[in-house]
Amino acid sequence: MGFKSAPAASGKRKSSSTDKHSDSNRVKKAKTVTGPKHQKRDEDEAAGSDGSGFSDSGDATDEVKNTKPVRSFGGQNDKTAGKPTGTQTSREAHAKQKQLAQERKAAKPLADEVHRTKKLWEKLRRKSHVPKEERQKLVDELYSIITGRIKEFVLKHDAVRAVQTAIKYSTPAQRKQIAKELQGTYAQLAESRYAKFLIGKLLVQSDTEIRDIIIPEFYGKVRKLINHPEASWILDDIYRGAATKEQKAHMLREWYGPEFSLFKPTNGEITADLTKIIADEPAKRSTIMKYLCDMTNNLIQKKLTGFTMLHDAMLQYFLNLKPESEELKEFVEVVKEDENGDLLKNMAFTKSGARLVCLLLANGTAKDRKQILKTFKDTFQLMCGDPNGHMILLAAYDVIDDTVLTSKTIFPEILGKNEEKDLENIIFLANDLNARITILYLLEGQSKSLFPASHSYDLELLAEIHEARQKTSKKDTDVRRKELVAAMSPPLLAAIATSPKDLVATSFGCQFVADVLLSATGDKAAALEAVASTTAGNPTPAESEEADPLYPAAPHISLTPHGGKLFKTLIAGGRFDKAAGEIKRVDPPLNFADVLYPVIKEHVLQWATGPSSFTVLGLLEAPDFASKKELLKTLKSGKKTLEAAAKGDKVDMEKKDAKKVKGISISTLVGIVVGLGIVALLFGLSACMWWARRRRIRREKEKGVGGRGRPPLDRLASSRGLDDELVPPGLESVFNPMAQDGPGSVFDRGEELDSTPVRELPGTPTDQNDAAKLDPRPENGDSTVPRANLNSTQQERETGTYANSWSKFQNVQL
């Protein structure tokens with residue numbers, strides 16, 4: 001019955017549809033053809049036109065029914081066929097529309113300025129086509145337009161690019177000016193699809209002042225912006241690459257609750273360590289953990305799992321979960337069951353995320369580890385070379401007891417699944433600073449050569465993993481390591497046997513080859529022969545004239561320091577044990593000396609006299625070397641060559657030392673010469689000053705004149721008495737030698753000065769009575785102390801009756 005009722009229903013639909021398309025409706029539809037949306041005819045043309053497509057007889061309904069589109073000539077399509085054509089062509093209509101659009105743009109604010117900035121941007125963005133001087137002029141003109149109106153330009157999708165170009169070629173002062181002008185709008189710019197890149201342009205220069213202007217504007221808005229589709233990415237970029245440790249703590253604290261967005265800590269210390277925060281306020285633990293869980297779940301549900309800030313927050317949440325609690329189980333399930341595993345894959349490439357994955361592996365069950373490990377399928381190759389991702393592989397080596405699962409999941413990915421891919425991947429693993437750890441860690445362990453100072457954090461994380469695995473892993477560490485080494489040895493040995501020259505060409509490659517041959521398991525004969533074959537040929541070949549100086553040929557392996565060290569290690573057959581003080585040979589022994597000697601036999605003297613002479617010494621010291629006597633015989637036959645080489649080395653060393661000393665003496669000599677020149681200059685200036693002074697004194701003695709016709713040294717006679725000066729008792733003769741009461745003045749000792757009479761000016765008093773009138777000193781016994789004068793006679797000095805020199809002194813001063 002159901003199937004039969006279908007036609008009736010369809011018939012009803014058809015009848016209803018035919019009712020809708022009645023004649024009246026068709027008439028209305030036909031009228032729209034000549035409506036205002038289409039081109040109109042002039043009334044005159046419509047009245048007198050014969051080819052309109054309508055019949056001449058019948059009513060309007062019949063005309064509409066019989067209307068058929070007339071195919072137009074000239075290649076017009078069916079859409080425009082049958083429509084009335086007016087006087088306005090299609091080109092004119094488009095031109096008019098374009099004109100209207102331009103008028104609308106011109107009516108907008110800053111239309112002319114935006115147009116000018118776009119023209120300037122078109123020139124500036126072609127960096128190689130604009131000379132430096134012209135570019136500077138364009139930048140100055142651009143700044144003259146946008147200065148003071150940056151906020152209006154940055155929110156326009158076309159003008160903001162011009163502003164970014166201005167920042168690109170700006171000076172530090174101009175960048176700071178733009179940053180200050182935009183202050184208060186950075187949160188709004190971060191939400192803009194185009195203006196958010198402007199923030200990155202300002203921060204990429206690493207200016208601390210600009211950074212401290214921009215980043216604090218995001219405080220209190222982290223929850224809102226991290227959920228925004230545009231602002232979340234620029235916010236995370238700022239958090240990861242530009243923010244300081246304190247600024248990161250400010251932003252991460254807002255994940256713990258609203259109060260951390262509004263209030264700062266009372267003790268002044270800003271920290272994002274959730275363990276410390278909960279320790280200070282244990283009552284807030286449940287509130288903080290719930291708020292943090294909601295924020296992380298919200299982003300995970302939105303598939304926004306690539307944020308470094310999210311990974312930091314998740315790590316803080318995990319570190320504060322109680323062991324074997326329901327919260328921990330729920331958190332692990334959320335991480336594992338993420339669709340497509342995007343969360344775990346993104347976490348592998350950040351510091352906090354990689355640490356969290358390592359701790360999940362160390363603390364999880366066997367089922368959890370298996371699921372996490374399978375999530376990283378097709379990602380292990382990228383994780384090998386990543387500074388953070390390679391730690392997840394080391395954690396898997398150390399905590400997963402199922403070594404079959406580990407070897408089948410990880411090794412095919414990082415070593416390759418075919419011979420060509422295998423060789424390419426292994427060469428990469430041998431020479432990359434991070435990827436080499438994922439292979440050599442199983443062979444060397446935590447050696448200093450494998451974990452330099454730059455990888456100290458790796459050792460700290462491994463210690464944390466080893467502490468956690470004590471409760472979750474059951475297999476012995478050495479057994480687990482040996483099983484993994486046995487699983488990866490065949491492809492490594494095959495790679496060495498296939499392409500030994502590529503591997504021994506670098507220092508890291510030589511270390512890789514030595515570790516594999518000493519620690520790997522399986523048949524090593526082919527690999528040892530391949531390594532020995534790299535030593536074939538003359539170590540010092542003659543230089544070819546056809547050699548390209550720009551691309552010189554690689555030197556012989558015996559001339560490289562890493563090559564000699566490799567062969568010495570393989571000949572010794574083991575590593576040096578510091579505790580035992582001897583070389584600990586591997587079992588079974590390599591016997592590399594017997595493999596190497598036949599290859600270098602013809603050129604052994606050149607090896608012995610070259611940079612790799614310790615290789616020959618190693619052959620002589622090897623306990624399992626079968627051709628030791630033959631080698632000694634060859635070396636004795638070339639004794640003169642060896643002695644000459646030894647003397648030559650000694651002479652070369654002496655020459656190098658001499659050059660070094662010579663270089664040092666030359667630089668020292670330059671310093672000494674400069675120093676002596678400065679000392680000589682100072683000495684010469686001092687001598688000139690002394691000689692000039694002596695000449696002046698001698699001239700005064702010879703002429704008897706102290707310059708400008710004055711009596712010699714008469715200017716030293718003080719016009720003040722002893723009462724005018726505060727002189728200590730008993731030192732009057734020292735501070736004023738002219739005030740002595742008797743003969744023997746310091747100015748008279750051993751000097752025969754000429755007593756030249758003082759020049760008398762007209763109208764000046766010369767006798768004692770007149771001089772007494774001019775003497776301004778009070779008339780008392782103390783102030784009329786007789787004083788010696790250079791012009792006094794010997795008799796006056798002996799009797800103590802000195803002539804009053806006041807008038808003479810006044811005459812000299814006049």
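This is a predicted model: local features need pLDDT of at least 70, side-chain atom pairs count only at pLDDT 80 or more; totals for chains, interfaces and linings use all residues.
Local features require pLDDT of at least 70 and side-chain atom pairs count only at pLDDT 80 or more, while totals for chains, interfaces and linings use all residues. Residues are numbered from 1 along each chain as its sequence is written, and side-chain values use heavy atoms, with hydrogens and water left out.

**View A. Salt bridge between lysine 224 and glutamate 191.** The structure holds 22 salt bridges (a side-chain nitrogen of Lys or Arg within 4 Å of a carboxyl oxygen of Asp or Glu). In this one the N to O distance is 3.6 Å. Lysine 224 belongs to helix H14 (residues 222-226) and glutamate 191 to the loop between helix H11 (186-190) and helix H12 (196-203), so the contact ties together parts 33 residues apart in sequence. Helices are DSSP runs (H or I, at least four residues), numbered from the N terminus. Lysine 224 is exposed at 58% relative accessibility, whereas glutamate 191 is partly exposed at 26%. Buried means under 20% relative accessible area, exposed over 50%, and partly exposed in between (1.4 Å probe, protein chains only).

**View B. Salt bridge between glutamate 464 and arginine 355.** The N to O distance is 3.2 Å. The pair ties helix H30 (residues 456-469), which holds glutamate 464, to helix H23 (residues 351-363), which holds arginine 355. Glutamate 464 is partly exposed at 25%, as is arginine 355 at 23%.

**View C. Salt bridge between arginine 480 and aspartate 401.** The closest N and O atoms are 3.0 Å apart. Arginine 480, in helix H31 (residues 477-498), is buried with a relative accessible area of 2%; aspartate 401 is partly exposed at 22%.

Notes: Helices (H or I, at least four residues) and strands (E, at least two) are DSSP runs, numbered from the N terminus.
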